[in-house]
Amino acid sequence: MIGAVVIIPTYNEIENIEAVIRAVFSQSNYIHVLVVDDNSPDLTGKKVKALQRDYTNRLFLETRTKKSGLGTAYIHGFRWCIEKKYDYIFEMDADFSHNPNDLPKLYQACHNDGADMSIGSRYVTGVNVVNWPMGRVLLSYVASKYVRLITGMKIHDTTAGFVCYKRIVLETINLDKIKFIGYAFQIEMKFKTYLKKFKIKEVPVIFTDRTKGESKLSGGIISEAIFGVISMKVKSLFTK
Ligand SMILES: Nc1nc2c(ncn2[C@@H]2O[C@H](COP(=O)(O)OP(=O)(O)O[C@H]3O[C@H](CO)[C@@H](O)[C@H](O)[C@@H]3O)[C@@H](O)[C@H]2O)c(=O)[nH]1
């Protein structure tokens with residue numbers, strides 16, 4: 001996976017971070033990792049610094065002062081990766097809900113199969129989610145259908161957070177104008193990619209709920225997604 005970097009946003013992921021970094025590096029001798037940590041009180045960032053000795057010039061850490069949301073962590077990471085001229089830029093959770101073994105499939109969709117954005121999708125063939133409580137599966141599945149309906153995007157998993165972008169996509173989208181921070185951030189990135197007519201390909205994956213640490217999902221994140229999608233669609237109609 002030459003020219004590829006995986007951005008891993010972290011907040012209190014001390015129980016997962018070492019294993020997930022090692023699992024990513026085991027996929028390829030060329031892949032790089034950027035961790036964007038929000039000064040986690042459990043010292044996730046310190047752990048990453050210690051691991052940098054094992055992965056010189058391949059493992060990077062950006063530390064922000066405080067918890068500021070997943071969306072802004074990714075925007076911070078995107079800017080860093082664009083400046084460093086990586087060709088393929090991944091989004092991946094730290095908690096193994098996204099399986100690092102699927103990284104090559106996402107890379108291949110962009111590198112060999114002509115996609116500009118590939119999405120590790122839970123809903124291409126039914127519902128491929130393991131260990132999530134039924135309420136969360138339903139929320140996520142219904143949210144994806146709702147977003148598809150409102151936006152018109154032909155994507156099954158619109159809130160997916162396991163994504164590979166070609167750099168050109170992130171250079172084309174105006175990152176200053178991305179305003180959502182939670183699930184809605186994932187929807188907004190896909191919508192802007194779709195509006196710019198980039199080629200999007202969904203790659204089926206199995207999403208497995210974390211066994212260590214805690215989800216940062218909150219009520220605010222859900223309502224941001226519900227109302228944000230409508231305002232995003234309405235704005236797009238006026239800016240055509
Ligand atoms: N730096 C930083 N990282 C964060 C923050 N909030 C969450 N993260 C990191 O972002 C990743 C995902 O966070 P979770 O809290 O585990 O997310 P989730 O609820 O399981 O949501 C996942 O599924 C959603 C769709 O169902 C996705 O929309 C979402 O992006 C994510 O992949 C983890 O690595 C977590 O540490 C934050 O404020 N700052």
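**View 1. The largest cavity of the predicted model.** The largest cavity has a volume of about 30 Å³. The count of cavities of 30 Å³ or more comes to one. Lining this cavity are H98, G120, R122, A160, G161, F162, V205 and F207. By class, four of the lining residues are nonpolar, three are polar and one is charged.

**View 2. The second largest pocket and its lining.** This pocket has a volume of about 490 Å³. Two elements, α7 (183–195) and α8 (219–238), each give two or more residues to its lining. The lining comprises 17 residues, and those nearest the centre of the pocket are K192, L195, K235, S236 and T239.

**View 3. The contact of helix α3 with helix α7.** Helix α3 spans residues 70–83, and its axis comes within 8 Å of the axis of α7. The two axes cross at roughly 45°. An angle between 35 and 65 degrees counts as oblique, and α3 and α7 are therefore oblique to each other. On the α3 side, the contact is made by L70, G71, Y74, I75 and F78; these residues meet F185, Q186 and M189 of α7. The residues of this contact divide into six nonpolar and two polar, with no charged residue among them.

Conventions:
Residues numbered from 1 in each chain as written. Predicted model: local features only at pLDDT ≥ 70, side-chain atom pairs only at ≥ 80, totals over all residues. Heavy atoms only, no water. 1 Å grid on protein atoms, 1.4 Å probe; cavity = no way out; pocket = protein on both sides within 12 Å on 5 of 7 lines; lining within 4 Å. Points joined across faces, edges and corners; volume = space filled by probe spheres on them. Nonpolar A, V, L, I, M, F, W, Y, C, P; charged D, E, K, R; others polar. Helix = DSSP H or I, 4+ residues; strand = E, 2+ residues; numbered from the N terminus. Axes fitted to C-alpha atoms, helices over the stretch in contact; angles between N-to-C directions. Parallel < 35°, antiparallel > 145°, perpendicular 65-115°, else oblique. Contact = heavy atoms within 4.5 Å.
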